[in-house]
Amino acid sequence: MPDLNTFPNTASVEEVTASIHEKSYAIVHDVLDTSELACVRDELAPHFAERVGGSDDFTGHKTVRFGALLARVPKVREMVLHPLVHGVAQALLGPSCSNIRLNYTGVMHLEPGEMAQTLHRDSGFYPIQNPCPPLLLATMWAISDFTQENGGTRIIPGSHLWDDKRKPEPEEIIATEMPAGSVLFYIGASFHGGGANKAAAPRTGIALHYALAWLRQEENQYLAVPQDLARTFSPELKALMGYELSTVNSGFVDHQHPRDVLDGVPPEGPRPIGPAELMAADNAINRLHVDRAEAVGRARHDVVAPFDR
Amino acid sequence: MMKLARFDARSTDGDEVGRAIDEHGYAIVENMMDHDDLAALRAELEPHFAGQKTGETNFLGARTKRFNNLFMRAPTTRKMVLHTVLLGAADHILLPWCARYHVTYTGVMHLMPGETAQALHRDAFFYPIRNPGPVTQQGSLWAVTDFTAENGATRIIPGSHLWEEERQPRPEEVVAAEMPAGSAIIYAHNIIHGGGANTTDQPRTAVALNFSLGWLRQQENQFLTLPVEKARELPEALQRLIGYDFGAPFMGAVNGQNPHALLEEPSGEVGYRSDPELEKAYRERVNWLKVEAVPPPPGVLPTD
């Protein structure tokens, strides 16, 4: 097993971001301490009883999944704003958007006997060929230890730089190993998948994804989180989940700022909604120049690491 | 005056209109609404003009009244947005770029006498994709009053949807989209256009019903405008069209489910699953963009 690209929790946003750009991924240890982990586990426990599972080889036959974590798991409201994690998301995605937005929340709880998942790219539902500027940053939080044996996320370092034709080789796949409380970051275009769980105990992870705010969310946060609950969130959390404009004059509700609508602020007349800083941000971001377009399809590969056979 | 691409809704179809948009960037379609629907729409809109403030900038119009949320304020728009010619044109121009499209904006633009011309622009600043490129949005402006050169009919630059980003229109390339009430101009987002000046003594009223690619964020947040209890009042086709549906494989889910499930009786079916129709679209039909990030040009957004 190669050395994993691992950082202590004292690492800076800049060094973690630079490393992800190069290697597709980074692991940061001790993002959650023991008491925070205990809190998350307590909050998750009642939901496992619901047993919402996958339905096919891709979503998993022995994987318990559930989403809407901002509503169901209060600790997640802090996790998505963790200064290092949120800072890396902003640094990595910021050049292509005026705002970043929470794209997905979900528990992925692999029970013993689960098979390795098809390798895929999380940004694969945006029809943009690879390589491309980062569209999405995924974070996978280890709630249990992640090991090669229990299905720690499989990933192919450097694969976010590949074009869509290149197929992964089994020996290019590595297993994420990290103690509970760590976070795996990876660019959405990196090939990865859940591993086979050959251990006796489940492997529990929480996936929290960020994306460019002008893209549609994978998980609809406006519907997943009741408005009465969202209203109680901090301004930063409201903005991150999407009670914020994506550009000046986009993302509004009847020409009002979506946060004002949530908070019940009385309406004003039609004006450019969004402060001058947002317009400055809109004007400063990179543009996507389109060279060509063709129906190349979405890359998914049933390639299994030697250790998952 | 150059001859405009003009059709009659009673004798055309979405494909023909879509092909005209491919070529010219727009198509004018007359008789999209009959007399009764037009009268109903006017009656629904009328009470909302009173008390509406005008815009605070040139771009929004110092003498223009605007409001959104039309599916609630003007229920006739629920029928308009499902017009087979409008949807057929959207199928033609948007489906090469997405598995599904959705409503991105509904709004009234009511130009009062004395309004000056709006800056010419593309509806492109919501998504930082340079021209030429994919059509990310289909706009439609419905003439609630007649549109004339004098009362502020939308000015367009035919063919400009294919231009390089930097090319600026010359004055003689600008034409007014004149059309009788009940018509609509359907256009690709990247045609250069703008509201005209209203030099008459009567207002010019338009209803805009715009779609965007299902993987892009909506300009008007439909889920906050039409939360579950309001969305339940709409026909199912419209519920899906405003976004209570997947926009791409897995995209737009609520707890792994299609968001439309929130509007249905509980079926007892749970579990994360994709939609074979969307998977097929992504495998076979949708064009994938080969992109490169480039620095922004100076002063992209319309300013005053």
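Me: In this predicted model, what share of the contacts in chain A with a separation of 6 or more comes from residues 24 or more positions apart?
Reply: The model is a predicted one. Among the contacts in chain A with a separation of 6 or more, those between residues 24 or more positions apart make up 79%.

Me: How does the radius of gyration of chain A stand against the globule rule, and what is its value?
Reply: Chain A has ten helices and 13 strands. For 309 residues the globule rule gives 19 Å, and chain A comes close to that, so it is as compact as a globular protein of that length. The radius of gyration is 19 Å.

Me: What percentage of the residues in chain A are buried?
Reply: Along the principal axes, the C-alpha atoms of chain A fill a box of roughly 65 × 50 × 40 Å. Of the 309 residues in this chain, the buried ones make up 52%.

Me: Which strands stand at the edges of the seven-strand sheet in chain A?
Reply: The sheet is open, with mixed pairing and the order E1-E2-E9-E6-E11-E4-E3. An edge strand pairs on one side only, and in chain A this applies to strand E1 (6-7) and E3.

Me: Which residue of E4(A) is the bridge partner of A:Arg65?
Reply: E3(A) and E4(A) run antiparallel and are joined by four bridges. The partner of A:Arg65 in E4(A) is A:Met108.

Me: Which elements of domain 1 of chain A give two or more residues to the side that touches domain 2?
Reply: The contact between the domains takes twelve residues from domain 1 of chain A and 13 residues from domain 2 of chain A. On the domain 1 side, the elements that give two or more residues are helix H3 (69-72) and strand E4 (100-110) of chain A.

Me: Which element of chain A gives the most residues to the side that touches chain B?
Reply: The contact takes 62 residues from each of chain A and chain B. Several elements of chain A supply at least two residues each, including helix H9 (258-263), helix H10 (276-284) and strand E12 (287-294). With eight residues, the one that gives the most is E12(A).

Me: How many residues on the side of chain A that touches chain B are charged?
Reply: The residues on this side divide into 30 nonpolar and 19 polar, with the charged ones making up the rest of the division. The charged residues number 13.

Me: Which residue of E11(B) is the bridge partner of A:Ala293?
Reply: E12(A) pairs with strand E11 (residues 288-294) of chain B in the antiparallel sense, over seven bridges. In E11(B), the partner of A:Ala293 is B:Leu289.

Me: Why is one side of E7 and of E9 in chain B left without a neighbour in the sheet?
Reply: Three strands of chain B form an open sheet in the order E7-E6-E9, with antiparallel pairing. Strand E7 (175-176) and strand E9 (193-194) have one side without a neighbour because each has a single partner strand and stands at an edge.

Me: Is B:Asn68 buried or exposed?
Reply: B:Asn68 is in the loop between strand E3 (64-67) and helix H3 (70-73) of chain B. Beyond its neighbours within four places in sequence, its contacts include A:Asp254, A:His255 and B:Thr225. A residue is buried if 20 or more other C-beta atoms lie within 10 Å. B:Asn68 has 22 within that distance, so it is buried.

Me: Is A:Asp30 buried, exposed or partly exposed?
Reply: A:Asp30 lies in the loop between strand E2 (25-28) and helix H2 (34-48) of chain A. Its phi is positive, about 60°, although it is not a glycine. With 16 C-beta neighbours inside 10 Å, A:Asp30 counts as partly exposed.

Me: What is omega for the cis peptide bond that joins B:Asn131 and B:Pro132?
Reply: B:Pro132 lies in the loop between strand E4 (101-111) and strand E5 (137-143) of chain B. For the cis bond between B:Asn131 and B:Pro132, omega is about -10°.

Methods: Residues numbered from 1 in each chain as written. Chains lettered and ligands numbered in written order. Predicted model: local features only at pLDDT ≥ 70, side-chain atom pairs only at ≥ 80, totals over all residues. Contact = placed C-beta atoms within 7 Å. Nonpolar A, V, L, I, M, F, W, Y, C, P; charged D, E, K, R; others polar. Pairing = 2+ DSSP bridges. Rg over C-alpha atoms; globule rule 2.2 N^0.38 Å. Buried ≥ 20, exposed ≤ 12 C-beta atoms within 10 Å, placed from the backbone.
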